[in-house]
Amino acid sequence: MLTTHKVTSTSAGVTRAAGTASSSTKIISYQIQPGSNIILDRDSVLMLKDRGTTETANQSNVLVKLVSATQKKVGVLADTSYNELKYNQDTRIQFHPISGEERIRLRPFSYLEVWANSDQTIATATLDFYLTAKEEAL
C-alpha cells in the first residue's frame, strides 16, 4: 500500500549545504531512511526556496541526481533551470522530476541529491527544501 511521503529541510536524512556562486554545488542530500521505499512518479513534486537573496531567472541551473547506497552509481533524474521562476523575482522553483508513466523506486540508504549552479551564493540558513512523493512500506 502506498502512502504520501513528505520531506522538508528538517526531516531525518536531509543535509543542506551552501551553494557557491557560479559553480555547480550539492546543496541538498537526502538519504532514504530504512523501513520504506520512496516512489517517484509524475505526482512527485520537488521544491526549493531560497529565502535570502533573489536568484536571477534563466541564469541558474538545477540538477537532481539519484545515488546508490554505495555511492557507486549515479543517475540524473532532472536537469532544469530557474527559467521556471515567476517573473516577479520569486525565488521558488517547483517541478515534477518525472513525466509520463515512469516510476523510480528509491531504496533505503540511497540518496537523492540536488545540485545548483547559481549566479549567487545559496546560503544554508535560508534554503528550504520540500519533496512530496509516494512511500511503500517494506
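**A strand and its surroundings**

A: D79 has its place in strand β7, where strands (E, at least two residues) and helices (H or I, at least four residues) are DSSP runs, numbered from the N terminus. The model is a predicted one, in which local features need pLDDT of at least 70 and side-chain atom pairs count only at pLDDT 80 or more, while totals for chains, interfaces and linings use all residues. Residues are numbered from 1 along each chain as its sequence is written, and side-chain values use heavy atoms, with hydrogens and water left out.

D79 counts as exposed because its relative accessibility is 60%; here buried means under 20% relative accessible area, exposed over 50%, and partly exposed in between, with a 1.4 Å probe and protein chains only. D79 and N61 are 18 residues apart in sequence, and their C-alpha atoms are 7.5 Å apart in space.

In the loop between β6 and β7 lies Q71, a residue other than glycine whose phi is positive, near 60°. Q71 is partly exposed, because its relative accessible area is 48%.

β6 (61–67) and β7 (74–81) each supply at least two residues to the lining of the largest pocket. A pocket is found on a 1 Å grid over the protein atoms alone, as an open set of points where a 1.4 Å probe fits, with protein on both sides within 12 Å along at least five of seven lines, and lining residues have an atom within 4 Å of a point. The lining consists of L66, V67, S68, A69, K73, V74, G75, R107 and S110, which divide into 4 nonpolar, 3 polar and 2 charged residues; Ala, Val, Leu, Ile, Met, Phe, Trp, Tyr, Cys and Pro count as nonpolar, Asp, Glu, Lys and Arg as charged, and the others, Gly among them, as polar.
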